[in-house]
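Have a look at the model first, then read on.

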Amino acid sequence: MKFRTIEWKRDGVRILDQRRLPQEVRYLDCRDASAVAQAIRTMAIRGAPAIGIAAAMGIALAARKSLSHQPKSFLKTLEKACDEMRQTRPTAVNLFWAVDRMKNVVNEVCTYGIDETKDRLVKEALNILKEDVEINRKIGIYGKKLIKDGDGVLTHCNAGTLATGGYGTALGVIYAAWAERKRFRVFADETRPQLQGARLTAWELAQEKIPVTVITDNMAGWLMTKGEINLVLVGADRIARNGDTANKIGTYSLAVLSKWHNIPFYVVAPTSTLDLTIRSGSDIPIEERSIREITHFRGSPITPKGVKAFNPAFDVTPHSLIHAIITEKGIIQKPFHKNLKKYLQLRILNSELGTPKRPDE
Ligand code: MRU
């Protein structure tokens, strides 16, 4: 990939400011944890895995900057940083998963002492980043089989390098298939209101010289009737125990359209996006963002003054509309309520024991 979404620097965290793309490639240097939290909140960095990595690096930065000499006050500072990260965005579970990983390291400060804990925290944040890229590569290997020469592939929002540590999930599948010299058409929904499809997916595919056609969100159904779409690949922010999946607003409508047109609809996500504490999609917290994102475009009003608007940033696609879930452990088929559990246990086993067999082997 020709750019880095996020990087750990000796004196801070460097983030590619996605609010400015595609017009400008500008980096944001965050010098403390609050600046990282602000970058997540304002979507300078976004996408479930990427905000988890940013939160982890923000916590590592808080540790680096801490002047505490006592484990108790060090713990207090770091707990505050963890809380600040947790408050940034509510839907993507990867963020909470990454904060929990960092918190586990913080909690061992009495065993390792402050200086070693600081190093361990930086190491853990860098591991989360490295693992994410490796996971995405594996997802690509599993997913690429699903794309055939000549296919039309539709994606929504941005689930690419910009949304992850690198390579991407839904776009990772596209990159892997393209690298195998398969040739197919990619359609990107523009993704109102923040235009992640038009601005970000189109930009990063262009960096890799993969042709993409941007369509407005309300065109997908028409393209499907014309036979232009053979499969749909989307990312995920949180997947409940039964397979219900929260992703960028508009994903649910695409899934309904796909069902009607008999087009396979795939969710592509690392297993860190699974939240087995949640029974179904109705328990997933859905972020509501400022209505200004709807009523204004780049600072100019597009609706009459004082008009009401509603801005849920995500929706939930029921598991019945999802064909399969592509993860780094393999392609998870239905019934999701049984198979997701097996694959998640595998994630835990994998990290403890090496590489055991997949449930479908
Ligand atoms: O609001 P965003 O831009 O953070 O939403 C991003 C998405 O919905 C992505 O599809 C999801 O996080 C998966 S990214 C691999």
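What percentage of the 361 residues in the protein do buried residues make up?

1. Buried residues account for 55% of the 361. Keep in mind that this is a predicted model.

2. On the overall build, you'll find eleven helices and 16 strands in the protein. Its radius of gyration is 20 Å, close to the 21 Å that the globule rule gives for 361 residues, so the protein is as compact as a globular protein of that length. Along the principal axes, the C-alpha atoms fill a box of roughly 65 × 60 × 40 Å.

3. Now for contacts along the chain. Taking those between residues at least 6 apart in sequence, 73% link residues at least 24 apart.

4. The largest nonpolar core has 44 residues, and the ones touching the most other members are I6, V13, I40 and M85. Elements giving two or more residues to this core include strand 1 (6–9), strand 2 (12–16) and helix 1 (33–41). Helix 2 provides the largest share, 13 residues. In soluble globular proteins, nonpolar side chains tend to be buried together.

5. Zoom in on I6 if you like. Beyond its neighbours within four places in sequence, I6 is in contact with several residues, among them V13, I45, I53, M57 and L129.

6. The second largest pocket has a volume of about 390 Å³. It is lined by 16 residues, with P193, Q194, E293, H296 and R298 the closest to its centre. Helix 10 (292–295) and strand 12 (296–297) each give two or more residues to that lining. By class, the lining has seven charged, five polar and four nonpolar residues.

Terms used: Residues are numbered from 1 along each chain as its sequence is written. This is a predicted model: local features need pLDDT of at least 70, side-chain atom pairs count only at pLDDT 80 or more; totals for chains, interfaces and linings use all residues. Side-chain values use heavy atoms; hydrogens and water are left out. On a 1 Å grid over the protein atoms alone, a cavity is a set of points where a 1.4 Å probe fits but cannot get out, and a pocket is an open set with protein on both sides within 12 Å along at least five of seven lines; lining residues have an atom within 4 Å of a point. Grid points are joined across faces, edges and corners, and a volume is the space filled by probe spheres set on the points. Helices (H or I, at least four residues) and strands (E, at least two) are DSSP runs, numbered from the N terminus. Ala, Val, Leu, Ile, Met, Phe, Trp, Tyr, Cys and Pro count as nonpolar, Asp, Glu, Lys and Arg as charged, and the others, Gly among them, as polar. A nonpolar core is a set of buried Ala, Val, Leu, Ile, Met, Phe, Trp, Tyr and Cys residues joined through side-chain atoms within 4.5 Å. Buried means under 20% relative accessible area, exposed over 50%, partly exposed in between (1.4 Å probe, protein chains only). Contact means heavy atoms within 4.5 Å. The radius of gyration is taken over C-alpha atoms; the globule rule is 2.2 Å times the number of residues to the power 0.38.
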